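Thanks for asking me to look this one over.

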Amino acid sequence: MSRIADRFAALKARGEKALVTFVTAGDPDLASTEQVVLELEKAGADLIELGVPFSDPMADGPTIQLSSDRALAAGTTLPGILEMVARLRTRTQIPVVLMGYFNPIFAYGAERFACDAAKAGVDALLVVDLPPEEAAELKDHTDRCGLDLIFLLTPTSDTSRVDSVARLGSGFIYYVSVTGVTGARTAVADTLAGRVTEVRNALDLPLVVGFGISTPEQAGQVASVADGVVVGSVLVKFFEKYQGEELLRELSSFVSALKQGVLQGVQK
């Protein structure tokens with residue numbers, strides 16, 4: 001059983017839901033990312049999504065685009081990210097998902113990347129611009145190397161897309177709560193609960209919901225109907241305001257509040 005499957009099984013046994021936290025690898029540098037991941041885990045994060053910086057992140061709003069720019073300016077590369085994950089694996093077993101775009105994987109070599117990522121201790125890939133219809137080759141490599149491959153569903157996904165994702169995906173399914181790019185929203189859509197429940201009932205894998213979730217209250221709302229909650233852009237904003245120990249302290253406080261929101265949402 002993979003680290004991701006183990007984590008969801010343990011959470012389910014405790015009657016809990018997953019808090020998945022997203023940060024961009026290499027913002028402001030990879031040494032800082034390593035410390036941030038450990039701090040997020042201490043604060044209550046159950047899984048970590050590391051964004052792979054890319055020059056044309058079409059699914060991301062301004063906050064994560066700027067974060068990618070900072071990481072690239074700092075010299076962040078895919079090999080560097082894998083080296084950082086390998087260092088993390090000597091200190092933590094928290095599940096790590098690399099989330100990004102296919103171009104850097106293609107440039108690296110998909111087969112080599114899948115196996116190098118697995119050896120480094122990465123648990124899954126989520127390739128934003130690679131739909132299931134085009135993912136057969138990468139899936140062959142991730143299956144052989146022991147990586148989960150996570151796919152996206154959206155409010156506009158029809159039954160055939162849900163079926164494809166259910167058949168091909170592993171680890172968990174990521175449900176995008178809004179149509180549009182990443183970024184904090186002021187409220188959770190009124191239609192979200194019904195749609196998430198409908199999709200979740202069609203899946204065997206855990207369903208986590210992301211995009212736009214920015215407060216403990218919203219995290220709790222989503223946790224009441226999904227298996228997990230992804231919080232990203234609002235965390236990445238901390239990197240614009242703080243650095244060093246202050247960054248770790250502020251992130252820790254906010255993630256602790258998010259975790260409490262998730263716990264309270266499950267209890268309602």
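The points below go from cavities to pockets and then to aromatic contacts.

1. A word on the source: this is a predicted model. Please keep that in mind as you read on.

2. Searching the whole structure turns up three cavities of 30 Å³ or more.

3. Next, the largest pocket, which holds about 300 Å³ of space. There are 22 residues in its lining, and V128, L152, T154, R161 and V176 are the ones nearest the centre. The lining of this pocket divides into 15 nonpolar, five polar and two charged residues.

4. The second largest pocket has about 200 Å³ of space. Around it you will find F8, L11, K12, E16, K17, A18, R200, D204, L205, P206 and D227. Helix α1 (residues 3-13) gives the most to this lining, with three residues. Six of the lining residues are charged, five are nonpolar and none is polar.

5. Now the rings. The count comes to seven aromatic pairs. One of them joins F8 and F172 in a tilted arrangement, 5.9 Å centre to centre with 55° between the planes. This pair links distant parts of the chain, since F8 sits in helix α1 and F172 in the loop between α8 (159-168) and β7 (173-176), 164 residues apart. Are these two rings, F8 and F172, buried or exposed? Both are buried.

6. F102 and F106 make another tilted pair, at 6.1 Å centre to centre and 45° between the planes. Both belong to helix α5, four residues apart, about one turn of the helix. F102 counts as partly exposed because its relative accessibility is 23%. F106 has a relative accessible area of 61%, so F106 is exposed.

7. Two last contacts to display. F238, Y242 and F254 form one aromatic cluster. R112 lies over the face of Y108, 4.1 Å from the ring centre.

Note on methods:
Residues are numbered from 1 along each chain as its sequence is written. This is a predicted model: local features need pLDDT of at least 70, side-chain atom pairs count only at pLDDT 80 or more; totals for chains, interfaces and linings use all residues. Side-chain values use heavy atoms; hydrogens and water are left out. On a 1 Å grid over the protein atoms alone, a cavity is a set of points where a 1.4 Å probe fits but cannot get out, and a pocket is an open set with protein on both sides within 12 Å along at least five of seven lines; lining residues have an atom within 4 Å of a point. Grid points are joined across faces, edges and corners, and a volume is the space filled by probe spheres set on the points. Ala, Val, Leu, Ile, Met, Phe, Trp, Tyr, Cys and Pro count as nonpolar, Asp, Glu, Lys and Arg as charged, and the others, Gly among them, as polar. Helices (H or I, at least four residues) and strands (E, at least two) are DSSP runs, numbered from the N terminus. Rings of Phe, Tyr and Trp (its six-membered ring) pair if their centres lie within 6.5 Å; planes under 30 degrees apart count as stacked, over 60 as edge-to-face and the rest as tilted. Buried means under 20% relative accessible area, exposed over 50%, partly exposed in between (1.4 Å probe, protein chains only). A charge sits over a ring if NZ of Lys or CZ of Arg is within 6 Å of the ring centre and within 35 degrees of the ring normal.
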